[in-house]
Amino acid sequence: MRAYATTDGLAVVDLVVAAGMFSREEAGFLPDELLPGDGGGTCLVEEAEDGQGLASVLFYRPEEAADRAYDLTMIAVRPDLQGDGRGAALMRHAEEDLRRRGQRLLVVRTSGTAQYDRTRAFYRSLGYAEHARIPDYWTDGDDLVLFTKRL
Ligand SMILES: CC(C)(COP(=O)(O)OP(=O)(O)OC[C@H]1O[C@@H](n2cnc3c(N)ncnc32)[C@H](O)[C@@H]1OP(=O)(O)O)[C@@H](O)C(=O)NCCC(=O)NCCS
C-alpha cells in the first residue's frame, strides 16, 4: 500500500467504475479530490500483483465539526479480487492508523440499495453498527445508511 499520487488518477477512476460505484463521468472529480489538501484526508492505493492497474483504493478524512471523528469516504477493491480479505485488511489499516493518531470514531456512509447488500454485510462483519437511515438521500429510492465504529 502506498500514498495516492497525481499519476494514479486514471487508474483510480478505472477501479471505481469497475467496482460499480460511479460512472466514468461521475468519477471525474476524484483525481483531484483524493490528493492531500486542506481537508487532511489520507488516500492509499495498492498496485495489483498482475500489473493491471490498482487492486484497491482507500480514502478517509476528518469530520471537520466533530471531536476526533473520521469519515471513511471511499473503499473499493477490483471486482475480480473481491472476497479475498483485501477489503477487511484495508479497513483494519485505516482503523489502526486512526487509533495511533488518537482518533475516537470512524463513520461510514453507504447505500441501502440491493447492490450494496454485500457492502453492508462487509461493514457489519467488521464490527460496524448501523445507526441511521435517511430515506432518498443519494437519490429517490436510494437511502443513506450510516455505520460507525468506536476506535
Ligand atoms: C466492499 C468491498 C470494499 C469489500 O472488499 P472485499 O475485499 O471484497 O471484502 P473481504 O474479502 O475483505 O470481506 C470481508 C468480509 O466481508 C463479508 N463478505 C464478503 N463477501 C461477502 C458476501 N458475498 N456476502 C456477505 N458478506 C460478505 C464477510 O464477512 C467477509 O469476511 P470473511 O472473509 O471472514 O468471510 C468490495 O467488495 C468492493 O469494492 N465493493 C464495491 C464498492 C463498494 O461497495 N465500496 C464501498 C462503498 S460504501
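Two strands count as paired here if DSSP finds at least two bridges between them. Strand 4 (residues 69-77) and strand 5 (residues 105-111) meet that condition, with 4 bridges in the parallel sense. The model you are looking at is predicted.

**The sheet**

Select Leu 72 and look across to strand 5, where its bridge partner is Val 108. Now colour the strands. The sheet is open, has 7 strands in the order 1-2-3-4-5-7-6, and its pairing is mixed. Which strands are the edge strands? They are strand 1 (2-3) and strand 6, each of which pairs on one side only. In general, strands of a sheet pair through backbone hydrogen bonds, either parallel or antiparallel.

Move to strand 6 (residues 129-139) and strand 7 (residues 142-150), which pair in the antiparallel sense over 6 bridges. Select Ile 134 and find its bridge partner in strand 7, Leu 144.

Phi of Asp 136 is near 55°, a positive value in a residue other than glycine. Most residues other than glycine have a negative phi. Is Asp 136 buried, partly exposed or exposed? With a relative accessible area of 42%, Asp 136 is partly exposed.

**Helices on the sheet**

Select helix 1 (residues 9-18), which lies across strand 2, strand 3 and strand 4 and runs at about 95° to strand 3. Show the side chains of its buried residues: Gly 9, Ala 11, Val 12, Val 13, Leu 15 and Val 16. These buried residues of helix 1 pack against helix 2 (30-33), strand 2, strand 3 and strand 4. An α-helix has 3.6 residues a turn, so residues three or four places apart point the same way. Just after helix 1, select Gly 20, where phi is positive at about 80°.

Then select helix 4 (residues 117-125). Helix 4 lies across strand 4, strand 5, strand 6 and strand 7, and runs at about 160° to strand 5.

**The ligand**

Now look at the oxygen atoms of the ligand. One is 2.7 Å from an N or O atom in the side chain of Thr 119. At Asp 84 the backbone takes part: an N or O atom there lies 3.0 Å from an oxygen atom of the ligand. At Gln 82, a polar side-chain atom lies 3.3 Å from a ligand oxygen atom. Taken alone the ligand exposes 930 Å², and the protein buries 71% of that.

Select the loop between strand 3 and strand 4, which holds Glu 63 and Arg 68. Not counting residues up to four places away in sequence, Glu 63 touches Ala 69, Tyr 70, Asp 71, Val 107 and Arg 109. Draw a distance from Glu 63 to Ala 121: the C-alpha atoms are 24 Å apart, and the residues are 58 places apart in sequence.

Arg 68 is not a glycine, yet has a positive phi of about 50°. At 39% relative accessibility, Arg 68 counts as partly exposed.

From Arg 68, step to one of its contacts, Gln 103. Gln 103 is in the loop between helix 3 (86-100) and strand 5. Is Gln 103 buried or exposed? Gln 103 counts as buried, because its relative accessibility is 18% and the cut-off for buried is under 20%. Leaving aside neighbours within four places in sequence, Gln 103 is also in contact with Ala 69, Tyr 70, Leu 98 and Leu 151. The side chain of Gln 103 reaches the backbone oxygen of Arg 101 at 3.3 Å.

**Last stop: Gly 53**

Finish in the loop between strand 2 (42-47) and strand 3 (54-62), where Gly 53 is found. Gly 53 is partly exposed, with a relative accessible area of 33%. Apart from its neighbours within four places in sequence, Gly 53 is in contact with Glu 47 and Ala 48. Gly 53 lies 13 Å from Val 17, C-alpha to C-alpha, with the two 36 residues apart in sequence.

Notes. Residues numbered from 1 in each chain as written. Predicted model: local features only at pLDDT ≥ 70, side-chain atom pairs only at ≥ 80, totals over all residues. Heavy atoms only, no water. Helix = DSSP H or I, 4+ residues; strand = E, 2+ residues; numbered from the N terminus. Buried < 20%, exposed > 50% of the residue type's maximum accessible area, 1.4 Å probe, protein only. Contact = heavy atoms within 4.5 Å. Axes fitted to C-alpha atoms, helices over the stretch in contact; angles between N-to-C directions. Polar contact = N/O pair within 3.5 Å; in protein donor to acceptor, adjacent residues only side chain to side chain. Areas by Shrake-Rupley, 256 points an atom, 1.4 Å probe, with all protein chains shown as cover.
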